[in-house]
Amino acid sequence: MGGEGEGEAENIPMLTELPDAPSDESESHIKRTGTVWTAVAHIITAVIGSGVLSLAWSIAQLGWVAGPICMVFFASVTMFQSHLLADCYRSPDPEHGHIRNHSYMEAVKLNLGKKSWWACGIFQQINLYGIGIAYTITSASSMRAILKSNCYHREGHSAPCSYGETSEMLLFGAVQMVFSQIPDFHEMAWLSILAAVMSFAYSSIGFGLGLAKVIENGRIKGGVGGIPVSSTTQKFWLVSQALGDIAFAYPFAIVLLEIEDTLKSPPPENQTMKKATKISILTTTFFYLCCGCFGYAAFGNDTPGNLLTGFGFYEPYWLVDFANACVVLHLVGGYQVFSQPVFALVDTWSAEEFPGSGFVNKFYTIQLPFLPPCRLNLLRLCYRTIYVASTTGIAMLFPYFNQVLGVLGSWNFWPMAIYFPVEMYLVQRKIRAWTKKWVGLQIFRIVCLFISMFAFVGSIEGIISEKLS
């Protein structure tokens, strides 16, 4: 998403017991052919997602000075922590170590032990579940926007075109219940590719529509202090929510080591990865600044929370419809990409705990007309349906796009993007306490913790306020 990582998310590790990390000798048959440019492509695909649609609103809350500065700050933090994490791919030496950490979870377990591995896994699984909720909310908003766009085109921009989101959420949930029966990632590569293409399509359209609107207006809207509000307290909460939204759009730590595991050497993988992160984060930040700043420049104090569903754009209605259809198609695939690791965790655990249960391990083949044979398992049918129903139900209770993205961004930012990468770096490099580098990293970690807490509390307050209003 924005920040969220669709393109490489099929490699997201699961919270299951990991074997000892294999050495180079034990996997000499594996061919890695990745280069700087393949890594750049993976990173950009992983980073750019639905979070980009909230960036204009975030800039609008922060203003023309603080908004771009905060975006550059998060980009700098992401680049720094990515460099720390890139050094954790090989152990014990970052360039010549004989042990490869193929995933984020493997690196945490090897460097920090089993307790940290469990804590990391809990944060990861909660974040994946939350992304399912956010994707349900976003998809329903885009489906509603298509209906409203066609209504405005037929009846005029001042027509009372009002639609609820409940039916759209139920429709999205029903589709996900069907797709959730796909056994695993090996049978859904086409869905992931479609999701990545759609992500680039709607992000580019949002940027283009914002630029066109600024040209049409003939001036740049907005102010230094952002959107004026009635009280300092209200501004305080809106700023915190904006920071959470930006945090949601950036970090890709959860898939960085998986991407690094595709790279060939020499040169050492960590050097190639650091070069790739510089190129991709600079590219992404430029793209984000364009989307966020042109969106705010186009609408000023009327900047919508979601650039494509807030109806600053009425025409060309077909392009707005197409962009929102791309969002829906992207998130249909994206939901599964981020849910499959949770499904795989339950599958693995239940198979180990109940090896003799037919309910857990027996599969039934169903042949539907014009479709290939489908293999169903009763356990999967039950718990995956309940999982999708629960994300849909929570989304219906809290259908607040910006606030939910803020909660997810701030929840994931500090532990996954800051704490564990810094802690692993300290252990691997054997940096002693109270040295200059140790103190600097601790200050960095504490500053990011306060920012993350500020954004999290503000986003929770936003959800509560919206629910009570």
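This is a predicted model: local features need pLDDT of at least 70, side-chain atom pairs count only at pLDDT 80 or more; totals for chains, interfaces and linings use all residues.

Let me begin with a question: in which loop is K430 found? K430 is found in the loop between α13 (401-428) and α14 (436-468), where helices (H or I, at least four residues) and strands (E, at least two) are DSSP runs, numbered from the N terminus.

Residues are numbered from 1 along each chain as its sequence is written, and side-chain values use heavy atoms, with hydrogens and water left out.

Back to that loop, then. K430 has a positive phi of about 55° although it is not a glycine, and K430 is exposed, with a relative accessible area of 67%; here exposed means over 50% relative accessible area, buried under 20%, and partly exposed in between, with a 1.4 Å probe and protein chains only. W434 is found in the loop between α13 and α14 as well; its phi is near 70°, a positive value in a residue other than glycine, and W434 is exposed, with a relative accessible area of 69%.

Another loop, between β1 (90-91) and β2 (99-100), holds P92, and a cis peptide bond with omega of about 0° joins S91 and P92.

Let me now step back to the whole protein chain. Its secondary structure comes to 14 helices and four strands, and buried residues make up 57% of its 469 residues. If we take contacts (heavy atoms within 4.5 Å) with a separation of 6 or more, residues 24 or more positions apart account for 83% of them.

The UniProt record, an unreviewed entry, gives the annotation "transmembrane region" to several stretches, including residues 62-80 and 279-299; UniProt positions are given in the numbering used here, feature names are shortened, and annotations may be inferred rather than shown by experiment. In the model, residues 62-80 are 100% helix and 0% strand, with the end C-alpha atoms 24 Å apart, and residues 279-299 are also 100% helix and 0% strand, with the end C-alpha atoms 30 Å apart.

Is helix α8 mostly buried or exposed? Eight of the eight residues of α8 (residues 253-260) are buried, so this helix is largely enclosed by the rest of the structure.

One of those buried residues is I259, and it brings us to I43, a residue of helix α1. I43 and I259 are 216 residues apart in sequence, yet 7.8 Å apart in space, C-alpha to C-alpha. I43 is buried, with a relative accessible area of 1%, and, leaving aside residues up to four places away in sequence, I43 touches F252, I259, M273, A276, T277 and S280.

Finally, which residues line the second largest cavity? They are I43, V47, T78, Y250, F252, S280, I281 and T284. The largest share of this lining, three residues, comes from α9, and α1 (36-47) and α9 (269-299) each supply at least two residues. Thank you, and I am happy to take questions.

Definitions and conventions: On a 1 Å grid over the protein atoms alone, a cavity is a set of points where a 1.4 Å probe fits but cannot get out, and a pocket is an open set with protein on both sides within 12 Å along at least five of seven lines; lining residues have an atom within 4 Å of a point.
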